[in-house]
Amino acid sequence: MANNNSGTISPSANTASISNRINWRRLAEPSALIATLFALIIIFSILNPRFASVENLRNLMDQAALPLIIGVGATLVILLGSIDLSIEGIMGSAGLAFVLLSANSRSESDFGLLALLAALLTGIIFGLLNGLIVTKVKVPSFVVTLGMWFVGLGFATVLYGTETIPVLTNPEVSSWSSTLTFGAPNSFWAAVFVVILGVITLILTKTGRSIMAIGNNEVIARNSGIRVDRIKITVFALAGLLSAVAGIIAAIKLGSGSPSVGLGSLFITIPAVVIGGTALAGGKGGVLRTALGVLLLTVLNNGLILAGVSPSFQSGLAGAILIAAIVFAAWSQRDRLRIAK
Amino acid sequence: MSLKSKANRLVKLFGIAMVAGLTMAGCTTAATESTSTGTETTEQKVVSKDDIVFVASVINTTNPYFAANIAGAQALAKKLGVPIEIVDSEGSSQVQNSKIQAILAKGKTVVMFVNTVSSADAPIIVEATKAAGGFVTIWWNKPDDYEPKDVGDNFVAFQKHPGVSSGECTADRLAESIGGKGKIIALPGVQDSTTSQTRVAGLEYALSTRWPDVELVDVRPSDWDPELAYKNSQDLITKYGADIKGVWTADDGMQIGAMKAFEDAGLLGQVKFVSDGLYPPTIEDMRSGRGNNAIVGETFHRGWAASAIGLYTAYLAAIGEIKPSELPDEKRHSLFEIACVGPENFEEFASLDNDIDGWIDQLLVNGPWDTAPFKLIGAGPEVLPGQ
């Protein structure tokens with residue numbers, strides 16, 4: 001620390017000190033999470049050498065794919081200071097729309113790429129509706145997206161009808177997600193592509209900077225000329241699109257369509273975003289941090305099974321390890337867990 | 001208005017009420033007499049068919065089993081000419097209970113089949129039905145110490161297929177298919193589900209008593225969820241690799257996820273599968289011989305039969321043809337036959353799906369306890385092996 005002759009701290013030295021502290025805090029948390037991740041990998045590898053095998057690495061990639069894709073959308077929404085709970089409903093609708101419009105056991109009609117586009121459009125429409133209601137009707141995102149979750153599930157249930165399970169009949173489609181490209185499953189490459197786009201959007205585009213500004217202080221952002229409503233609608237539409245992508249991949253993974261294909265996704269994704277270090281209040285965090293959170297959760301769940309932990313203890317143990325990891329990694333920034341706007 | 005005219009109106013009203021009451025009594029008596037089977041019904045409240053509404057409550061409408069529940073209930077309602085309302089619980093006890101209470105409040109006599117979301121829902125639904133003068137049969141889930149005979153005639157029956165028999169059947173089929181030797185894994189449903197627990201108990205009992213060289217190396221509850229079954233199978237494939245010779249799942253939904261995981265890992269042709277339900281996709285997989293005839297055993301029971309049996313039992317109580325309190329224990333807490341099927345005979349059972357109406361006709365002739373292939377085989381509660 002730099003002192004002047006009188007023994008008092010100069011303003012410039014004080015600023016430098018604060019700046020160092022902020023930088024340290026910025027680095028400390030992801031570093032600690034990465035350290036925790038490596039510690040888990042080492043422990044699980046010792047407990048079962050198959051954990052570190054190529055096969056399990058592919059497993060981990062495949063299992064992380066969906067939360068990574070959804071996590072990017074969820075991160076953008078949370079950075080705004082909002083929340084998107086409609087993930088599972090949109091996944092169900094989009095996944096089922098894709099299966100029913102592709103070659104399936106219920107009908108011979110196969111719309112090929114149009115099926116994909118229709119499913120993606122389904123997600124965008126749900127996302128747009130979320131954004132429009134939040135911005136124009138001024139209803140909190142928690143309420144709107146909670147409602148849209150069930151609207152999505154209802155839509156999927158209507159699509160499903162009362163007939164038998166629609167099964168994808170084109171083997172090329174139903175095996176796409178697990179097919180290896182450069183040694184990794186396609187689902188993982190799709191997730192990597194989405195994460196890279198998310199990072200670029202957030203760091204290099206005006207939209208990304210606007211998202212952070214809105215999350216930090218919406219009033220100042222609006223007064224400084226940022227078109228807040230337009231950004232919010234865009235982000236919700238993007239989140240809807242990514243939920244649809246996840247729904248389609250989930251349906252392909254199962255080889256069949258079901259309204260409940262996204263079941264449980266929300267409660268992996270939101271914790272992963274928060275564990276990664278994105279503030280629920282908005283304005284702080286990022287896509288790579290979410291990716292770190294997703295990897296931590298995926299490794300934990302996979303590792304506990306490979307380590308032979310009894311199912312009766314697995315949830316409890318996973319929760320305890322997570323709490324310990326967060327206390328260790330995020331002590332310096334525990335103020336981020338403020339209530340969402 | 002004078003006192004005299006008031007008195008005249010009262011007399012007229014009383015007269016009309018008497019005539020109406022007698023007419024209604026006549027209707028109900030006629031209904032009782034016309035359907036009497038010799039059971040004494042004099043003290044029982046008997047309901048006219050015209051006052052009855054059927055209700056079939058299911059956990060959701062997309063699971064093939066629950067969709068079949070609806071189909072069976074609707075087929076029976078059509079056959080008997082009784083209106084029906086379907087309750088979609090959307091997987092939530094709260095939704096289920098509030099929808100049922102709303103229907104009970106409408107005033108008609110409710111005759112109900114409920115596939116409860118959780119065991120704890122049964123007393124709430126039964127008490128509400130009792131208060132409304134309705135009749136209910138619960139399928140699959142109820143608290144162990146909550147018995148129809150202790151509640152009264154409105155809780156007509158609790159019915160299910162035995163889980164232990166299901167687990168034993170599929171365990172035997174699986175063990176036999178792998179030559180009585182090797183490692184297998186099991187994917188039960190929700191961990192605290194009685195249905196899942198009894199099926200697992202049957203599996204473990206069969207292995208321990210008849211197949212000592214078959215090793216159950218891992219049991220991973222997969223919550224009846226195909227996606228979770230897929231993920232758990234992926235992890236177990238990594239853990240045990242090609243050592244896994246067989247996969248046991250507690251229902252066909254999870255089997256769909258497990259088979260896809262083994263298929264994606266390139267192992268489907270080397271592993272055998274057994275499960276419970278014989279869902280339509282399973283039938284297709286058995287017909288096509290998918291994965292080197294991967295599916296070697298199933299238990300056969302049907303959602304449409306469960307709802308039809310349950311509703312018909314409650315209906316007979318409502319119209320006075322049976323008096324629940326006079327029934328033997330096995331007809332209040334009933335275990336129905338479950339068929340053990342394999343590649344050699346599954347078509348025979350699967351063909352029943354093509355003629356639900358024909359089966360309902362048999363149900364009306366033979367009654368709820370004696371219609372093949374789902375005949376009454378004993379009284380509950382189900383006893384777990386070794387207890």
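Analyst: The centres of domain 1 and domain 2 of chain B, taken over C-alpha atoms, are 30 Å apart. This is a predicted model, in which local features need pLDDT of at least 70 and side-chain atom pairs count only at pLDDT 80 or more, while totals for chains, interfaces and linings use all residues. Residues are numbered from 1 along each chain as its sequence is written, chains are lettered from A and ligands numbered from 1 in the order in which they are written, and side-chain values use heavy atoms, with hydrogens and water left out.

In chain B, domain 1 is assigned as 49-161 + 303-341 + 351-379 and domain 2 as 164-300, with bounds that come from an automatic or database domain assignment. Where they meet, 15 residues of domain 1 of chain B contact 16 residues of domain 2 of chain B, contact being heavy atoms within 4.5 Å. These two domains bury about 1200 Å² between them, and carbon and sulfur atoms give 60% of that area; buried area is the accessible area (1.4 Å probe) that two parts lose on being put together, summed over both. On the domain 1 side, Ile338(B), Cys340(B) and Val341(B) lose the most area to domain 2 of chain B, and together they account for 42% of what that side buries. No salt bridge is found across this domain interface, where the rule asks for a side-chain nitrogen of Lys or Arg within 4 Å of a carboxyl oxygen of Asp or Glu.

Helices (H or I, at least four residues) and strands (E, at least two) are DSSP runs, numbered from the N terminus.

Chain B also has two cis peptide bonds to note. One joins Ala372(B) and Pro373(B), with omega about 0°, and Pro373(B) sits in the loop between helix 15 (356-366) and strand 13 (376-379) of chain B. Another joins Gly380(B) and Pro381(B), with omega about 5°, and Pro381(B) falls in the segment after strand 13 of chain B. As background, most residues other than glycine have a negative phi, and most peptide bonds are trans. In chain A, Lys138(A), which is not a glycine, has a positive phi of about 60°, and Lys138(A) is placed in the loop between helix 4 (113-136) and helix 5 (141-160) of chain A.

Turning to the chains as partners, 37 residues of chain A are in contact with 29 residues of chain B. About 2500 Å² is buried between chain A and chain B, with 53% of it on carbon and sulfur atoms. Arg50(A), Leu254(A) and Ile305(A) supply 24% of the area that chain A buries against chain B, more than any other three residues. Across the interface of chain A and chain B, as the rule counts them, there are zero salt bridges.
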